[in-house]
Amino acid sequence: MLKNYFLTAFRNLRRNKIFSAINIMGLAIGMASASLILLWIQNEVSYDRFHAKENRLYMMCNRAKFDGVISVWGSTPKVLAPTLKKEFPEVDDAVRMANANFLFTVGDKHFNMAGNFTDSGFLNMFSFPLLKGNASRALNSNYQIVLTESCAKKLFGKEDPMGKVVQVDSADNFVVTGVLKDLPANTQFNFEYLLPWSYMRKLGWDDDFWGNNSITTYMTLKPGIMETVFDARVKNIVLDHSKGNADNLNNEIFLHPVAKWHLYSWFVNGKIEGGLISTIRLFAIIAGFILLIACINFMNLSTARSEKRAREVGIRKVVGAPKIKLIGQFLGESITIAMLAGIVALIIVQLSLSGFNLLVNKKLSIDFGSPIFWLTGLGFILLTGIIAGSYPAFYLSSFKPAKVLKGTMKAGHALVTPRKILVVLQFTFAIILIISTIIIEHQIQYAQSRDSGYKKDNLIYSYMQGDLQKNYEMIRNELLNSGAAIGVTRTSGVLTRHSSDTWGLVWPGSTEADKKLDVNVMSTDDGFVKNLGLKLIQGRGIDSRSYLTDSTALMLNEAAVKAMRLKDPVGQIIKFNDKDWHVVGVIKDFILESPYQPIAPMVIAGPDPYGFYILNIKLNPAHPVAENLSKAEQIYKKYNPSYPFEYYFVDEDYAAKFASEKRIGSLAALFAGLTIFISCLGLFGLATYMAENRVKEIGVRKVLGASVAGITALLSKDFLKLVILSILIASPIAWWAMNNWLQTYPYRITIEWWIFAMAGLLSVLIALATISFQSIKAALANPVNSLRSE
């Protein structure tokens with residue numbers, strides 16, 4: 001019997017090649033699309049979930065109220081970790097992490113490398129495999145270093161790195177005491193080496209100030225300790241240790257578990273509101289709907305061709321086949337088709353994975369050697385086959401043999417049928433995705449068109465390392481005299497991202513509550529306004545060369561002037577960092593952080609408070625960029641020979657701010673296109689079947705004088721009605737979903753009517769193009785051929 005079922009299934013596939021191809025291709029594309037999305041989701045949800053101590057591993061975070069709103073940030077005081085270990089017996093271990101960027105020298109090799117300072121317990125707290133060395137002893141003294149495998153190969157080639165010496169910043173020699181396996185792609189950590197915290201203390205970069213939130217603290221609780229109980233115990237640790245400090249803002253410390261680091265990073269008024277998890281849920285729904293749409297194609301085509309299988313069902317019932325066996329037969333056929341589609345889907349996934357990886361900026365892969373992959377894949381195929389075949393199986397097995405064998409069973413023409421509902425469902429989801437794609441793209445363009453507040457073209461920056469500080473004046477003069485640059489300016493941070501902020505400012509008319517005003521801070525020397533293309537509204541820019549008093553000069557942005565309620569800001573005295581600063585100018589707001597967020601208050605200070613870490617160079621637009629960079633590199637090597645000339649373009653940094661939204665937009669566009677394609681495959685199949693069934697009707701109409709255009713319209717209108725109904729259903733759903741998404745962006749578009757009109761028109765045109773091919777073909781057919789047997 002089973003053999004007979006399979007033979008019947010394959011005969012049906014061969015007999016109906018077009019419909020079989022449509023079914024298999026539709027299911028394959030749906031399964032491949034869902035598989036790609038699920039691969040991405042699996043990667044995202046697995047971030048840092050591989051650590052052995054995952055269920056008791058936490059990052060310590062800060063929470064405090066500013067301007068009536070509770071803000072959350074992940075940086076903490078350096079003194080927090082040792083205090084936790086000393087004062088709380090519930091703590092198993094606590095470690096600190098701070099960024100490190102040094103020049104590494106081995107022989108004649110010089111590399112700028114990014115790593116971290118950390119405590120010796122880091123390697124035992126986190127499950128990063130140590131290929132060589134002892135995790136308990138690898139970071140115990142000042143001059144020990146742990147390298148990643150790639151870093152070790154870069155420095156030492158194929159030699160064994162253990163015990164070898166690495167010179168750091170041409171100052172200290174470190175002995176390699178461990179080699180870590182390269183970090184996996186699904187971790188938030190990103191370092192090439194680890195240095196002991198004791199070396200940071202030796203450099204004088206450690207402190208015990210509870211108001212300095214500048215590093216990250218991780219902690220493990222002892223087994224059996226509840227997170228909520230310890231949260232309540234630890235929340236006032238900053239307050240308890242900083243009483244009497246003028247900068248005390250009643251900060252609360254709280255635990256953020258490892259399972260939420262990657263997925264739940266969005267806090268509103270101090271509480272978790274979501275993050276990447278929202279995008280993951282959205283695309284999980286998209287994956288489910290794409291697969292469902294592919295299954296709907298199968299259902300529609302199977303039930304549409306039911307009359308072709310009706311006599312077979314009738315005969316099987318007459319000879320004694322029970323309904324359950326007929327259901328099993330049709331489910332078996334659908335699972336067989338799903339198996340074939342699964343093979344095609346696997347090929348599609350493997351061929352498209354490299355392109356998909358570029359789109360999502362990941363390194364996803366299929367582990368063909370994993371039994372879990374094959375078991376999951378088989379389950380996925382069986383589930384798809386059962387979903388796709390369930391409705392046709394019950395529908396076909398319900399035929400009455402008497403009606404079928406007498407030839408009295410006719411297809412229904414009811415106003416509402418399951419097939420019409422399924423077509424509407426298909427196109428509704430496809431149109432929702434089209435509308436979403438248009439809105440996402442419009443929102444990105446809206447943010448990109450926002451004035452950044454500075455001129456990004458021909459502007460590069462470089463980190464001030466080695467002898468750049470010492471030789472700055474000579475480097476600056478040569479860059480200008482050589483014609484490579486038209487402006488050179490030092491700053492404490494990069495123009496395109498937040499580097500430092502402060503509070504506790506006092507100015508004429510300020511209140512005690514104003515001390516909680518949080519402002520971004522950047523320091524500069526001269527040429528800041530002119531060289532970076534900022535717009536001066538009042539006063540002048542900072543110029544420490546022309547004005548000796550500009551060591552205590554301040555510039556404010558418009559947001560700061562508004563927040564401080566200053567009517568005549570120029571000349572005002574503002575006190576912070578235990579010093580009086582005088583305002584020399586006001587600049588137009590420029591985008592330092594997210595282009596989707598309001599611009600925060602900012603002060604640009606003279607060269608005193610934070611030092612200089614960034615060298616900004618405005619390249620000469622009269623010369624080719626490559627020529628300017630070549631001259632700049634020669635000057636760098638002349639005055640800073642041990643360090644490579646590394647530079648970054650500001651316009652590329654700024655463009656990176658839109659990467660996440662562009663990725664979501666591209667994914668939405670891709671899957672909207674695939675959804676439309678799958679839906680149109682089904683529509684094409686239904687149109688083909690309709691044309692076959694109405695061939696004699698079309699012949700009679702042509703004999704009676706009907707035009708090709710009239711017949712085409714007749715055959716197309718029923719399908720177009722369904723598409724228009726889909727537009728009416730999809731539009732309010734898409735508006736609701738995208739309006740909620742836009743609420744996360746303070747700087748956002750208004751959803752306008754033309755977006756729905758465009759999506760609707762596009763859907764109608766695509767559907768019309770799909771249907772018209774078969775409709776016109778049927779209308780052009782010679783009626784003699786269809787009526788010769790009448």
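# Reading features in a predicted model

The protein chain holds 24 helices and 25 strands, where helices (H or I, at least four residues) and strands (E, at least two) are DSSP runs numbered from the N terminus. This is a predicted model in which local features need pLDDT of at least 70, side-chain atom pairs count only at pLDDT 80 or more, and totals for chains, interfaces and linings use all residues. Residues are numbered from 1 along each chain as its sequence is written, and side-chain values use heavy atoms, with hydrogens and water left out.

Me: What share of the residues in the protein chain is buried?

Reply: Buried means under 20% relative accessible area, exposed over 50%, and partly exposed in between (1.4 Å probe, protein chains only). Here, buried residues make up 49% of the 790 residues.

Me: Which side chain makes a polar contact with the side chain of Thr-187?

Reply: A polar contact is a pair of N or O atoms within 3.5 Å; within protein, one must be able to donate a hydrogen and the other to accept it, and residues adjacent in sequence count only if both atoms are side-chain atoms. For Thr-187 the partner is the side chain of Asp-48, at 2.7 Å. Thr-187 sits in the loop between strand S9 (172–180) and strand S10 (193–196), and Asp-48 in the loop between helix H2 (17–45) and strand S1 (57–66). Thr-187 is buried at 7% relative accessible area, and Asp-48 is buried at 2%.

Me: And what about the phi of Asp-48?

Reply: Most residues other than glycine have a negative phi. Asp-48 is not a glycine, yet its phi is positive, about 55°. Asn-458 also has a positive phi, near 60°; look for Asn-458 in the loop between helix H14 (418–448) and strand S15 (459–463).

Me: Which residues is Asn-616 in contact with, leaving aside its neighbours within four places in sequence?

Reply: Contact means heavy atoms within 4.5 Å. Asn-616, in strand S24 (residues 614–619), has contacts that include Ile-460, Tyr-461, Thr-491 and Leu-532. With Thr-491 there is a side-chain to side-chain polar contact at 2.9 Å.

Me: How many salt bridges does a search of the whole structure find?

Reply: Side chains of opposite charge can pair when their charged atoms come close. The cut-off for a salt bridge is a side-chain nitrogen of Lys or Arg within 4 Å of a carboxyl oxygen of Asp or Glu. The search finds 26. One of them joins Glu-90 to Arg-233, with the closest N and O atoms 2.9 Å apart. Glu-90 lies in the loop between helix H3 (80–87) and strand S4 (91–106) and Arg-233 in helix H7 (residues 227–234), so this pair ties together parts 143 residues apart in sequence. Glu-90 is buried at 17%, while Arg-233 is partly exposed at 43%.

Me: Which residues are linked in a network of salt bridges?

Reply: Glu-473, Asp-526 and Arg-545 are linked in that way. Another pair to display is Asp-550 with Arg-540, whose closest N and O atoms are 2.8 Å apart. Asp-550 is buried at 0%, and Arg-540 is partly exposed at 24%.

Me: How many disulfides are found?

Reply: A disulfide is a pair of cysteine sulfur atoms within 2.5 Å. The search of the whole structure finds 0. As for individual cysteines, Cys-61 is buried at 3% and Cys-680 is buried at 8%.
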